[in-house]
Amino acid sequence: MLDRMVYFILAAFVALTAATLVLTPTLTYAQQGSVSDTYSGEELVATGGEFFGSVAQGLASLVERAVSQFGLPNAYILGEEAGGAIFAGARYGEGTMYTRNQGEHPVFWQGPTVGLDFGGDGSKVMMLVYNLKSVSDVYGRYPGVDGSAYVLGGLGMTVIKYGDVVMVPIRSGVGARLGVNVGYLKFTQEPTWNPF
């Protein structure tokens, strides 16, 4: 029984990844200039500490882990999201992307999930953004696997990738959620209720 469930989750992940590659349109945006200046780990911890408040005890270790694995990000997103699932589900969020030399930009994200996942949650999110050549490069579908196991709250980190852009969402969640799922987050310039 457990083997079949693992097989189902892996098959769903492969199908979602293939669908994402096929359905992702070629985006043509005007080059908006370089987004090359990075943020230090200390700046990210200070900003995240103010954003997350009292929940941010483990933030420094998560930022340190991301920086040691991927280097220094050249943008970050601060925002909020909510999601829920009973086997299949969806996640919606909105926030602001901060860059050193291209200013602040509103971003929205949404996406479907499928897996052994039950419950609902609301989160404050700080996303570290790597390899961003222009602001428009953030828009697209980022496939990934996510796991949750909390009843009241927690702080967790995942990694998602679209093209050369890597994002490390750090979430401080509140709710009741248990399980693992596969899916993607689609980043857009405008909000939408369609998770696909």
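## The H2–H3 helix pair

Helix H2 (residues 41–52) and helix H3 (residues 59–70) have axes that come within 10 Å and cross at roughly 140°, where axes are lines fitted to C-alpha atoms, for helices over the stretch in contact, and angles run from 0 to 180 degrees between N-to-C directions. The crossing of H2 past H3 is right-handed, a term for the near helix being turned clockwise from the far one by less than a right angle.

From H2, the residues Gly 41, Leu 44, Val 45, Gly 48, Gly 49 and Phe 52 meet Leu 59, Ala 60 and Val 63 of H3, contact being defined as heavy atoms within 4.5 Å. The residues of this contact comprise 6 nonpolar, 3 polar and no charged; Ala, Val, Leu, Ile, Met, Phe, Trp, Tyr, Cys and Pro count as nonpolar, Asp, Glu, Lys and Arg as charged, and the others, Gly among them, as polar.

## Basis and overall layout

The model is predicted, with local features requiring pLDDT of at least 70 and side-chain atom pairs counting only at pLDDT 80 or more, while totals for chains, interfaces and linings use all residues. Residues are numbered from 1 along each chain as its sequence is written, and side-chain values use heavy atoms, with hydrogens and water left out.

The chain has 3 helices and 6 strands, which are DSSP runs numbered from the N terminus (helices H or I, at least four residues; strands E, at least two). Along the sequence they follow the pattern α-α-α-β-β-β-β-β-β. Of the 196 residues, 44% count as buried, that is, under 20% relative accessible area with a 1.4 Å probe and protein chains only.

## Nonpolar cores

The largest nonpolar core has 18 residues, of which Ile 77, Met 97, Val 138, Met 167 and Phe 187 touch the most other members; such a core is a set of buried Ala, Val, Leu, Ile, Met, Phe, Trp, Tyr and Cys residues joined through side-chain atoms within 4.5 Å. Strands S1 (75–99), S2 and S6 (165–188) each supply at least two residues of this core, and the largest share, 5 residues, comes from S2. Apart from this core lies another of 17 residues, including Leu 62, Val 63, Val 166 and Val 168.

## His 105

His 105 belongs to strand S2 (residues 104–130) and is buried, with a relative accessible area of 19%. Leaving aside residues up to four places away in sequence, His 105 touches Gly 95, Thr 96, Met 97 and Val 135. A polar atom of the His 105 side chain lies 2.6 Å from the backbone oxygen of Gln 102.

Note on methods. Buried means under 20% relative accessible area, exposed over 50%, partly exposed in between (1.4 Å probe, protein chains only). A polar contact is a pair of N or O atoms within 3.5 Å; within protein, one must be able to donate a hydrogen and the other to accept it, and residues adjacent in sequence count only if both atoms are side-chain atoms.
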